[in-house]
Amino acid sequence: MNDKQNLFNSLVEAYQKPLYRYGYWLCGDRTIAEDLVQETFLRAWRALDSLQSMGAAKSWLITILRRENARRFQRKSLDYSDLPMESLVDERSSEGFSAELESLRVGIANLEEMYREPLLMQMVMGFTQEEISEQMEIPANTVATRLRRARLQLRDLLMDEEEEMGGATQ
């Protein structure tokens, strides 16, 4: 094997699983997450000569995966309300996600859509308030209010769950 092939193999070995988990967090679908990782490594192979050092590999691969995920949204406009939130929760239990992360996912899924959507756009997609405002065609102040209320509702949901769990163990 040549050096390029060895480098690529070491990247796949080191980052395939973390990239899959990250992709799964982004999309909530195993098949799409696998496709995202496959496309990420395909693009990485094509641009492998541009990788400056192995220390930068993780962020480089995450950037490729995030861009590929964004392309998915550019190709197809998804409506979060069409996703069965219960099925998202069920699929994650065996993939190494922590109980805290699962609680966060359930909490986000239980938010009203008007609060969930901008929160996911900010948390998952990394959109700014201005970008969310443009995407949702609502004023930036409204986005700020919805994000603040989403965080407060999410905090309350998680605290309620924590209290329930604490009460169950006593």
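Are Phe8 and Phe41 buried or exposed? I began with this question, and I found that Phe8 and Phe41 are both buried. I note at the outset that the model is a predicted one.

**Entry 1: the whole chain**

I looked up the secondary structure and found eight helices and zero strands. Along the sequence, the pattern therefore reads α-α-α-α-α-α-α-α. The protein has 170 residues, of which 33% count as buried. Among the contacts with a separation of 6 or more, 63% join residues 24 or more positions apart.

I then checked the confidence of the prediction. The average pLDDT of the protein is 79, and 79% of the residues score at least 70. Of the elements, helix α2 has the highest mean pLDDT, at 94, while helix α4 (residues 85–92) has the lowest, at 52.

**Entry 2: the aromatic rings**

I returned to Phe8 and looked for ring partners. The structure holds two aromatic pairs.

I next examined Phe8 with Trp45. Their ring centres are 5.1 Å apart and their planes stand at 80°, so this pair is also edge-to-face. Because Phe8 lies in helix α1 and Trp45 in helix α2, the pair ties together parts that are 37 residues apart in sequence. I noted that Phe8, Phe41 and Trp45 form one aromatic cluster.

I compared the exposure of two of these residues with the cut-off. Phe8 has a relative accessible area of 15%, so it counts as buried, the limit being under 20%. Trp45, at 28% relative accessibility, counts as partly exposed.

**Entry 3: the nonpolar cores**

Which residues have the most contacts inside the largest nonpolar core? I found Leu11, Tyr15, Leu19, Phe41, Trp60 and Leu61, in a core of 19 residues. Helices α1 (3–27), α2 and α3 (57–75) each supply at least two residues of this core. Helix α1 gives the most, with seven residues.

I followed Leu61 further. Apart from its neighbours within four places in sequence, Leu61 is in contact with Leu11, Tyr15, Leu19, Thr40, Phe41 and Ala44. I also recorded a second, separate core of 12 residues, which includes Leu120, Val143, Ala150 and Leu154. As a general remark, nonpolar side chains tend to be buried together in soluble globular proteins.

**Entry 4: two further buried residues**

I looked up Thr40, which has its place in helix α2 (residues 30–46). Thr40 has a relative accessible area of 0% and is therefore buried. Beyond its neighbours within four places in sequence, Thr40 is in contact with Leu19, Leu61, Ile64 and Leu65.

I then turned to Ser133, in helix α7 (residues 129–136). Ser133 is buried too, with a relative accessible area of 13%. With its neighbours within four places in sequence left aside, Ser133 is in contact with Ile138, Pro139, Ala140 and Val143.

**Entry 5: helix α5**

Finally, I examined helix α5 (residues 99–110), which has 12 residues. From its first C-alpha to its last, α5 reaches 16 Å, close to the 16 Å expected at 1.5 Å a residue. Its buried residues include Glu102, Ser103 and Arg105.

Note on methods:
Residues numbered from 1 in each chain as written. Heavy atoms only, no water. Helix = DSSP H or I, 4+ residues; strand = E, 2+ residues; numbered from the N terminus. Expected span 1.5 Å × (residues − 1). Buried < 20%, exposed > 50% of the residue type's maximum accessible area, 1.4 Å probe, protein only. Contact = heavy atoms within 4.5 Å. Core = buried A, V, L, I, M, F, W, Y, C linked by side-chain atoms within 4.5 Å. pLDDT = per-residue confidence, 0-100. Phe/Tyr/Trp six-rings, centres within 6.5 Å; stacked < 30°, edge-to-face > 60°.
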